[in-house]
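Please go through the structure below with the text beside it.

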Amino acid sequence: MTTTFKKKLTHFLSIAFFLMDKSRSYRRFRLMFSGVMFVIIFAPLVIVTGLSSFEYRELLLKEERSQLYWNAEGAQKTIEAFMAKLTSVVRFVSKDRGCDDLLDQYVVSKLLVNLKEEYPGFVDLGVIDHNGIQQVYAGPFRLEGYDYSDQDWFSKVLAREIYISEVYMGFREIPHFVIAVSFKIPDKEEYWILRASIDYEKLQKYISTINTKASQDIFLVNHDGVLQTRSNMFGEVLEKYNMPSKPEKGKITINVSKLDSVSYLKAYAYIKNTPWIMAIVKEQYIYGDEWSSFQFRRRLIFIGCSLLALVVIYQLVNFVTDRLRESNEKRDLLMVEAEHSNKLASVGRLAAGVAHEINNPLAIIDQKAGLMTDLFGLTEDFKHKEKLVKSIDGIHNAVERCKVITHRLLGFARRMDVVYERIDINALLQEVLGFLEQEALFNHIYFELVFDENLPMIFSDRGQLQQVFLNIINNGIDAIGNDGEIVLTTSSKDNATIDVSICDNGPGMNSEIIKRIFDPFFSTKEAGKGTGLGLSITYGLVKKLGGHISVDSEVGQGTTFTVSLPVNFTQD
Amino acid sequence: MENIKLLIVDDEEEFAATLAERLELRGFSSKSASCGNNALEVLASNFSPDVVLLDLKMPDISGFEVLIEIKEKYPSIEVIMLTGHGAATGGKDSKERGAFDYIMKPVDINELAGKIKAAYLKNA
């Protein structure tokens, strides 16, 4: 990981935490985190998929071109070999037979018959003298004496010894081509010509056998673009074929062209000693079914991976955000709890000190007043005795009230220390109500107590239980506001658990609020009035004491909290 | 009931004196000590009380220390802690150290008398 990236990450996280601390913007964090995860996962995915597709395509194109190149080279060699064979047959005939034999009509006719048996494509044979006059002819037409001297090929064959013509109709009305060889007349300085016409079908059949599965079409075309054999794609023999450009001599030229929105690779090569160019046509794999099915599979995999990644991102972001939120809330709660208990501890210590300091003089007042009562009891009646006794009773009552207050303060201080002891929950609830009576009375809220007289004593911590019930009842009072009733019920289902339910007839809550009611910092009280921690702390305390708390509420009907506590709580 | 002898240990002398007077009116005989050491001195002299009423917070040594020493040296003497201090564990700690009871100030005199009698009867 580079330093810059680390810095950026730290910056990002600090922003994230700042956001969360300050505005609790988990939504924003979730979005940012999702975005980052999205980029982290999708950028490489897209790049890798794109690159691999591009590379694969390039590789295929290259592979396909070289494949076609080898095919074309093979086909070129085969055709050249075939033509060489045909040519050598004609040449062999001209050399093997003497000049005299070739001037004999019978011999030439016999030769044609033999040739036809061996090579069925031969149509006719003719012997032409040095002046271009056909001296002997064997074949289906009457061509003896025909003058070829003005024809282009006549001079060519005299010059080159061998001549292979293009495919043409001629007056035979069937497409054919001609192989002509010149031979020297012994004793004369004259060159005569043996000329054989060959049906183009012979060539066509041969070409057709070359056509392999590797290509869609193979055909011959002359230098002017006239088809010399049938093309599967571009028409019949002697039709015009639109050749983009002439191929380079001695090389195989490959180019790409489109037909009906399908892209084809075409390879061209000259056939040696002939006026022909061989063409092989092959549909580009890239545009074929296999390639599109490859693309389809690739897309399917990409979409599959993307969906999986989205699910993973969603789950991961949720998980991290939730954990972050939980740990933040836990941390905040712990801090607030610590602060709260620190405050309580200070107040507790103060209260205990005050109570102790007051208890001593109070005890003196009590004893002095008691002594007075004692002494009056031993004294005969005197003036104002009754009034004095009443006054002393007044002192006693005042002391009693002070005693309740100091003992309550001490009780509050005691909550700081966790002490497990046998507790009478009915009595504990009475004590708690003692704290709240004044406020409740002031707001015209009345308590109804439905206590199970046979409730078993439970083993638990008094201070924490007081806090639990104080919080719940306080919430009830706050919820009611003015004029209402809170019913406290204690019961025991079995000998192992006791239930305390606190039911108020306040405004109640909807299910959304009920779901979140024990969440830290969740408050329905107006801003500044509640910390949103009361019930959260209560929940924690009840759990700590081995019990559980549940809430049941309906809007307009009031709310019931039920605290279940184990009779015998053992700490782990 | 025979005369029950008490030792009242409290740094609040006014309280101790008044309490002693009131208890004497109810048939108890008593002596007072103003601090822990004083109490131990009194016990070391020839005075042997049946029950000791012992404050917890005193200027010299704490009530607990006095309690422990009394229980060590004079196991037959019952001790009732009588204090204005309200630590949660006070009652439990006192009883663990051998006190008969733990009572918070201010206390009703008749309730206290009852506890003293109960403590006395424990050994009778």
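Does A:Leu238 count as buried, partly exposed or exposed, and why? A:Leu238 counts as partly exposed because it has 17 C-beta neighbours inside 10 Å. On this scale a residue is buried if 20 or more other C-beta atoms lie within 10 Å of its own, exposed if 12 or fewer, and partly exposed in between, with C-beta atoms placed from the backbone. The model is predicted, so local features need pLDDT of at least 70 and side-chain atom pairs count only at pLDDT 80 or more, while totals for chains, interfaces and linings use all residues. Residues are numbered from 1 along each chain as its sequence is written, and chains are lettered from A and ligands numbered from 1 in the order in which they are written.

The backbone at A:Leu238 has a positive phi of about 75°, although the residue is not a glycine. A:Leu238 sits in the loop between β6 and β7 of chain A; helices (H or I, at least four residues) and strands (E, at least two) are DSSP runs, numbered from the N terminus. A:Asp483, also not a glycine, has a positive phi, near 55°. Its place is the loop between α10 (462-480) and β13 (484-491) of chain A. A:Asp483 counts as exposed, because 10 C-beta neighbours lie inside 10 Å.

Strands β6 and β7 of chain A belong to an open sheet of 4 strands, in the order β6-β9-β8-β7, with antiparallel pairing. Two strands pair if DSSP finds at least two bridges between them. In general, strands of a sheet pair through backbone hydrogen bonds, either parallel or antiparallel. The edge strands here are β6 (217-222) and β7 (253-259) of chain A, each of which pairs on one side only. From one strand to the next the twist averages 30°, where axes are lines fitted to C-alpha atoms, for helices over the stretch in contact, and angles run from 0 to 180 degrees between N-to-C directions. β6(A) is joined by 6 bridges to the antiparallel strand β9 (residues 276-283) of chain A. Within this pair, A:Val221 stands opposite A:Ile277 in β9(A).

Chain B has a cis peptide bond from B:Lys105 to B:Pro106, with omega near -15°. B:Pro106 lies in the loop between β5 (101-104) and α5 (109-123) of chain B.

The contact between the chains takes 22 residues from chain A and 17 residues from chain B, two residues being in contact if their C-beta atoms, placed from the backbone, lie within 7 Å. On the chain B side, helix α1 (residues 13-25) gives the most, with 7 residues.
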